[in-house]
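Please read the following account with the sequence and the coordinates side by side. It begins with the nonpolar core and then turns to the strands and the charged pairs.

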Amino acid sequence: IFFGSRIIKMTIGSKDMVINGTPTPMSAPAEITNSRTFIPLRDLGYGLGLNDEKIKWDDATKTATLNK
């Protein structure tokens, strides 16, 4: 994932993502289920430089929102 000057890499099965060459722990590993790739979205938000105020989950609509 390229975002501005950040390069974020996630590897299937690993609980670490790499941000600009630095390993960073994630809460869960990226995985493939039924030919779909799932990543921990909150960890991606943190990797993008967002904090909890910028990462929202709406349980009623089952929608995640990440804002800059």
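A nonpolar core is understood here as a set of buried Ala, Val, Leu, Ile, Met, Phe, Trp, Tyr and Cys residues that are joined through side-chain atoms within 4.5 Å, where buried means under 20% relative accessible area. In this structure, which is a predicted model, the largest such core is made up of eight residues, namely I8, M17, I19, M26, L44, L48, L50 and I55. In soluble globular proteins, nonpolar side chains tend to be buried together.

Four of them form an open sheet in the order 1-2-3-4, and their pairing is antiparallel. Strand 1 (2-3) and strand 4 (22-25) stand at the edges of this sheet, and because each has a single partner strand, one side of each is left without a neighbour in the sheet. Between strand 1 and strand 2 (residues 6-10) the antiparallel pairing runs over two bridges, and F3 has R6 in strand 2 as its bridge partner.

Another antiparallel pair is formed by strand 7 (residues 55-58) and strand 8 (residues 63-66), which are joined over four bridges. Within this pair, K56 stands opposite T65 in strand 8. The two strands make a hairpin with four residues between them, and in that hairpin K62 takes a positive phi near 55°.

The charged pairs remain to be considered: how many salt bridges does the structure hold? There are two. In one of them, the side chains of D59 and K62 meet at 2.9 Å, N to O, and K62, the residue with the positive phi in the hairpin, counts as exposed because its relative accessibility is 54%, the cut-off for exposed being over 50%.

D52 also forms a salt bridge, with R42 as its partner and with the closest N and O atoms 2.8 Å apart. This pair links distant parts of the chain, since D52 lies in the loop between helix 1 (41-47) and strand 7 while R42 belongs to helix 1, ten residues apart. Both residues fall into the intermediate class of accessibility: D52 counts as partly exposed because its relative accessibility is 45%, and R42, at 37%, likewise counts as partly exposed.

Conventions:
Residues numbered from 1 in each chain as written. Predicted model: local features only at pLDDT ≥ 70, side-chain atom pairs only at ≥ 80, totals over all residues. Heavy atoms only, no water. Pairing = 2+ DSSP bridges. Salt bridge = Lys/Arg side-chain N within 4 Å of Asp/Glu carboxyl O. Buried < 20%, exposed > 50% of the residue type's maximum accessible area, 1.4 Å probe, protein only.
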